[in-house]
Amino acid sequence: MSIQEQLDIYLRARFTLIVLVTSEEERAVEDIGQACKRGGRLCAAWDLADGFQWVGGGSGSLPSAKDPLAALEQIDRWDAPQSALFVLKDFHETWNNPQIKRKLRSLSQRLKYTKKSILITSIHSKIPEELRDETVLLNLALPNAGELQEVLEKLTATPGIQMQLTPLGREKMVQAAIGLTTAQAQRVFAKAIVTDGILDDRDIDLVTDEK
């Protein structure tokens with residue numbers, strides 16, 4: 001079951017506090033946005049630098065929140081009739097603050113009677129003891145061959161990129177990247193291209209050596 005499918009189930013079941021463990025924030029937010037779009041949910045992400053931002057094509061104004069506590073208060077006040085998911089980035093760095101931890105715990109309990117849920121992206125699964133009973137954990141697995149194939153296709157579609165991979169070479173290139181994150185795979189593919197100005201079957205070993 002994909003992360004999008006798992007997330008859709010949790011949201012339909014009204015799970016109000018989800019922690020998604022991953023080091024691939026960009027990929028995670030993209031998957032979250034696609035899951036919400038398919039489910040007809042609004043999705044907004046918050047971080048300390050940019051505040052609230054729409055994810056997956058939302059529109060309209062969003063509230064202002066310059067700190068984690070203000071972000072939680074704005075989610076609490078959100079009164080749109082449509083189901084909504086709020087993605088809190090790097091929130092694991094703040095939830096040991098007693099005030100924020102208490103607010104997050106109380107909010108997750110109140111949201112059970114609404115159409116709102118919170119998802120926190122985190123690089124680890126260490127959750128404060130007080131929040132464990134309210135939280136469901138999800139882990140974003142490393143990209144599979146199909147996802148790595150998409151990374152390769154997007155890169156080679158860039159104007160000016162020369163690619164002479166054979167069909168077998170393309171398959172071997174993707175298999176050589178298994179075990180890398182999306183960002184790591186993109187970097188190693190790009191390195192293979194700039195090494196000699198072209199991507200071909202000879203670069204498979206270079207990808208393998210980078211792992």
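Student: Which helix gives the most to the negative patch?
Tutor: Helix H2 does, with three residues. Before going further, this is a predicted model, where local features need pLDDT of at least 70, side-chain atom pairs count only at pLDDT 80 or more, and totals for chains, interfaces and linings use all residues. Residues are numbered from 1 along each chain as its sequence is written, and side-chain values use heavy atoms, with hydrogens and water left out.

Student: Which residues gather in the patch of negative charge?
Tutor: Glu25, Glu26, Glu30, Asp90, Glu93, Glu150 and Glu153 gather there, on the surface. A patch is made of residues with over 30% relative accessible area and no salt bridge, like charges being joined within 9 Å. Asp and Glu count as negative, Lys and Arg as positive, and His and the chain ends are not counted.

Student: Which helices supply at least two residues each?
Tutor: Helix H2 (25–38) and helix H5 (145–156). Helices are DSSP runs of H or I with at least four residues, strands are runs of E with at least two, and both are numbered from the N terminus.

Student: Where is glutamate 93?
Tutor: Glutamate 93 sits in the loop between strand S4 (84–89) and helix H4 (98–110).

Student: Is glutamate 93 buried or exposed?
Tutor: Glutamate 93 counts as exposed because its relative accessibility is 63%. Buried means under 20% relative accessible area, exposed over 50%, and partly exposed in between, with a 1.4 Å probe and protein chains only.

Student: New topic. How many salt bridges are there in the whole structure?
Tutor: A search finds ten. A salt bridge is a side-chain nitrogen of Lys or Arg within 4 Å of a carboxyl oxygen of Asp or Glu.

Student: What does glutamate 24 form a salt bridge with?
Tutor: Arginine 27, with the closest N and O atoms 2.8 Å apart. Glutamate 24 counts as buried at 9% relative accessibility, and arginine 27 counts as buried at 12%.

Student: And what about glutamate 147 and arginine 27, how far apart are their closest N and O atoms?
Tutor: They are 3.3 Å apart, in a salt bridge. Glutamate 147 lies in helix H5 and arginine 27 in helix H2, so this pair ties together parts that are 120 residues apart in sequence. Glutamate 147 counts as partly exposed, at 25% relative accessibility.

Student: What do arginine 110 and aspartate 76 form?
Tutor: Their side chains meet in a salt bridge, 2.6 Å from N to O. Arginine 110 is in helix H4 and aspartate 76 in helix H3 (residues 68–77), so far as place goes, and the pair links distant parts of the chain, 34 residues apart. Arginine 110 is partly exposed at 38% relative accessible area, and aspartate 76 is partly exposed at 27%.

Student: Which residues do shared partners join into one network?
Tutor: Asp8, Arg12 and Arg41, through salt bridges.

Conventions: Patches are made of residues with over 30% relative accessible area and no salt bridge: like charges are joined within 9 Å, nonpolar side chains (Val, Leu, Ile, Met, Phe, Trp, Tyr) within 5 Å. Accessible areas come from the Shrake-Rupley method with a 1.4 Å probe; for residues, only the protein chains shown count as cover. The place of a charge is taken as NZ of Lys, CZ of Arg, CG of Asp or CD of Glu.
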